[in-house]
Amino acid sequence: MRKICYYCFLGHWLNFLVGQIPMAPPPLLNPIQLSENNVTDSNETVSHPPKRSSQLETIQKAQIDLRHGELGQRVGAAKLLGKYAGSLSSSSLIGALDDRSALVRRASMVSLSEHFLNGYPVYDKSLVEKIFSKLGDSDVEVRREVSTLIPRLVSPMMRGGVERVVINGRSVLRPTSASLRPDLYALTQRAFLDEDAIVRQNVLKYHSYLRVPLPPLSLSKLLRDQDRGVLLTALDRISMNASQPRIMDEIERLSRHEDRGVRLKVVDVARDCNRYHTKYRSILRSMTEDPDAEVTSMAAVELARFGEKINPSVIERIKNYLLSAKGMSSQVTTILYAVSAMGSDGIGVYKSLTEHGSSRMRTIAWQRFLSLSSGWENSQNWIPALRDRDEGVRKAVVNTLRGRIKGLDRATLGSLVESPNEDVRKFLAESLIDAEQEAVEAYGFDLLIDEESHVRASTIRSLGARRSPGWLKIMERSLLDDEYVIQRAAMDALLAEPVRGISVLQEYLSQNPQSRISSMIRIELQRSGVQP
Amino acid sequence: MSKNFTTLLFLLFVFSMFENVIKAQSTRPSRSEDGLRVMQLMKNPNGVRRYPDALPSLLRIMNEQTWAKFDTDPLFISELTDERIFENPILYINCDDQTNLEFSTEENQALRRYMELGGFVYLDAGIKASFLGADLGHSYAAWEERPEVKEWFQEIFPEKAFIPLDRSHDLFRIFFRGLPKNADLQIEASQKRLPETVLTFVEQEKWPQGTYSFVGIKVKGRLACVASPICAMGWGRDEFGNWIPPISFRIRESAENFDENLKLASFTGGTFEVIREDGLKDIIYSEPGQRPAWVQEPTGRWRIFKYYSGEEISNYAHSFYARLGMNVFLYALLN
């Protein structure tokens, strides 16, 4: 037993000497905490995330991999460097654009794009020119990336500046050109006819940024391109060459293209290029015979805008197209508004469209119909509009009529006075102000006892303005109404009559000093210089 | 015999659907319109719609390319208690267009009733990974509905939860199958559709067989509601037939030694966990103010995020989203 104790003591003492365990645990120390706080003293295995390297270390390692690694490492390094925007990464990636492997060049180009898109462009002109030169790369993906990036390359690449040169032993500063380097200029011109459609389309889109003109011959070829995207982009770019006979021939050919979108684009182009040559107008004329109603309509309205008379059969097709349109797409909206350009011919189209299923379409149709035909002069023209089921349509029509119609007659009032819509009755009440006396006598009372207080208030205001016989009595009674809006209308009408109206108000005040309107009457009378 | 009978039943079903549609059209107060009208919720009718041309454009394409006939003018409603919802069988909601996803008890009850009576609800942008934050121009294939949608539907169907739609679900192949080919993209047969790494990732992982991350709720055995990452951004076309607006791709790329290099590479941002299709979680590494940098997958693999933009990328994405969107609406029409 004594030996056992002796060996135990000796073992602990040796352990203490070699430092594997503390001589004694610190007081009150949690053993779990111990293993966490002092891991080197623990025999347990604890997994910890490896320490990440610094950004500089990461970039430097990637640079080495990109320069000296195997193919897979080079690709990985190029991809990783895309995450670290800055001059160090960018210069390495630009250097890798000359890698013999297309995979590395692609990865480098994508990473450079990532820098640009994240707001870290390369500013050095020579470096940017190096990137742009890859528009001539043998790999299509690299060329696509470069051509997509053109708008972001333009600013540093087209920047002028100064350079220091030594002439006869003297250091001289001289300006550098702000235009594209000649070899890059030639490269861009070749890229118009690149074998890849995406590259062609991008260069077509952005060539003007680079101040590289599009040669008519190239444009002519591009207008025959099989790719729809290229074709539509080429159609956007014809203005500089619009007067060239071969371009006009191409546009004429495209006006019969099988794709409806292309034909619609031709209408757009022909309209814009009309100023360059009269042939564009004849193209538009021929397109009014197009089998597609939308193309016909677009061509016809553009001709109408030029002041040309449109054939009645074409107008009929436009009308049918608009009548069959579901809702207000951008094309329908354009055509609908442009029908106005047909002048009197357009009136019939708008009249038909007042029956359309779309309330937005009916709104515009009613407004245009009434404006073009001076339709407010005859109530038979606009009475159906006030019977429309849609409040938006009715309100738009009322706004068009307001201030234009004169003297509603008895028949008009009679046909609308029982309208289920408050907004219509309110409009009638407002119109009583200059309606025919016979109409007021027949229907004024109906509006005066309308179920809606706003209609009644408007009627009171109109009657107050007319001052027909007995109006003072109506105002006096209205001051006793429960509705404040009615009292207010009556007060306003009476205030406008300085002799009899004021005395009615004074009398009301003396009899109803505490009513809701009384304080307002008092203030208004004082403002008018009358002591209540 | 049984096959013929099934066909007959199917035709009767389709006919009854159309009959209901026609009845619904005839009972509504508006004037006669051809085709089925899709409703679109805008809680604030005057609010800004991020993709105003998207739904009308998709409906127009559907009318051109399928047998279905939709009214291309969506019916806008601002409240779910609007009685017109019971007259139209499909309700489209772009969750990003709403001021919030908080609805009154009455509205929730109305929506429950709508779904129980056969209505279909499509929650576009109903899936949104947390790391996207307020960035509305991105989508990410997470496999769970966004928290606001989860909270909302717990009030409507407390007993139900959104379940991920299997890649083999009929919704992904009811009309269009697989990913767009060159002919669908209207490009030459020899033209490269996408960069190689992008195409491989898209075909194998991003949208295999033309599928995407969808979750849904079944009511009375019928899929009555689906939620997806934002798809409307891919539906718009201008008058000439060009897709709008441009779309770019985020894809995952690997390379030699990435499992070691990305673990050690410099990184100072935050991390986000996102549920995958298999229920496991990806850890997304994201630098502040920048798009996500790379991902640690539960298999232990590390991959880097790469971003591709350009005409071919955008056209492909639009074509995919349009086909997917049409499949959703056609599925809704037939189920």
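## Confidence in chain B

Chain B of this predicted model has a mean pLDDT of 87, and 88% of its residues reach 70 or more; pLDDT is the predictor's confidence in each residue, from 0 to 100. Residues 1-33 of chain B have a pLDDT below 50, and beyond near neighbours in sequence this stretch has 30 contacts in the model. A contact means heavy atoms within 4.5 Å. Where pLDDT is low, the predicted coordinates should not be read in detail.

Residues are numbered from 1 along each chain as its sequence is written, and chains are lettered from A and ligands numbered from 1 in the order in which they are written. Because the model is predicted, local features need pLDDT of at least 70 and side-chain atom pairs count only at pLDDT 80 or more, while totals for chains, interfaces and linings use all residues; side-chain values use heavy atoms, with hydrogens and water left out.

## Chain A as a whole

The mean pLDDT of chain A is 88, with 90% of its residues at 70 or more. Over residues 8-44 of chain A the pLDDT is below 50, and this stretch has 8 contacts in the model beyond near neighbours in sequence.

Chain A has 30 helices and 2 strands. These elements are DSSP runs numbered from the N terminus: helices are H or I with at least four residues, and strands are E with at least two. Of the 532 residues of chain A, 48% count as buried; buried means under 20% relative accessible area, exposed over 50%, and partly exposed in between, with a 1.4 Å probe and protein chains only. Among the contacts in chain A with a separation of 6 or more, 59% are between residues 24 or more positions apart. Chain A exposes about 26900 Å², of which carbon and sulfur atoms supply 52%. Accessible areas come from the Shrake-Rupley method with a 1.4 Å probe, and for residues only the protein chains shown count as cover.

## The largest cavity

A search of the whole structure finds 5 cavities of 30 Å³ or more. On a 1 Å grid over the protein atoms alone, a cavity is a set of points where a 1.4 Å probe fits but cannot get out, and lining residues have an atom within 4 Å of a point. Grid points are joined across faces, edges and corners, and a volume is the space filled by probe spheres set on the points.

The largest cavity holds about 90 Å³ of space. It is lined by 13 residues, and those closest to its centre are Lys83(A), Glu114(A), Gln290(B), Arg291(B) and Ala293(B). The lining divides into 5 nonpolar, 4 polar and 4 charged residues. In this count Ala, Val, Leu, Ile, Met, Phe, Trp, Tyr, Cys and Pro are nonpolar, Asp, Glu, Lys and Arg are charged, and the others, Gly among them, are polar.

## The second largest cavity

About 60 Å³ of space lies in the second largest cavity. Its lining includes Gln40(B), Arg49(B), Tyr51(B), Tyr92(B), Asn94(B) and Asp97(B). The most comes from α2(B), with 3 residues. By type, the lining of the second largest cavity has 7 nonpolar, 2 polar and 2 charged residues.

## Backbone features in loops

The peptide bond from Ile244(B) to Pro245(B) is cis, with omega near -10°. Pro245(B) lies in the loop between β7 (222-228) and β8 (249-253) of chain B.

Asn168(A) is a residue other than glycine with a positive phi, near 50°. Asn168(A) sits in the loop between β1 (161-167) and β2 (170-176) of chain A, and is exposed, with a relative accessible area of 77%. Asn257(B), also not a glycine, has a positive phi of about 70°. The loop that holds Asn257(B) runs between β8 and α6 (258-264) of chain B, and at 37% relative accessibility the residue counts as partly exposed.

## Two buried residues

Leu101(B) lies in the loop between β3 and α3 (105-116) of chain B and is buried, with a relative accessible area of 11%. Leaving aside neighbours within four places in sequence, Leu101(B) is in contact with Cys95(B), Glu148(B), Val149(B) and Trp152(B). Leu101(B) and Glu148(B) are 47 residues apart in sequence, and their C-alpha atoms are 6.4 Å apart.

Glu294(A) belongs to helix α16 (residues 293-305) of chain A. Glu294(A) is buried, at 6% relative accessible area. With neighbours within four places in sequence left aside, its contacts are Arg260(A), Leu264(A), Tyr321(A), Gln331(A) and Ile335(A).

Methods. On a 1 Å grid over the protein atoms alone, a cavity is a set of points where a 1.4 Å probe fits but cannot get out, and a pocket is an open set with protein on both sides within 12 Å along at least five of seven lines; lining residues have an atom within 4 Å of a point.
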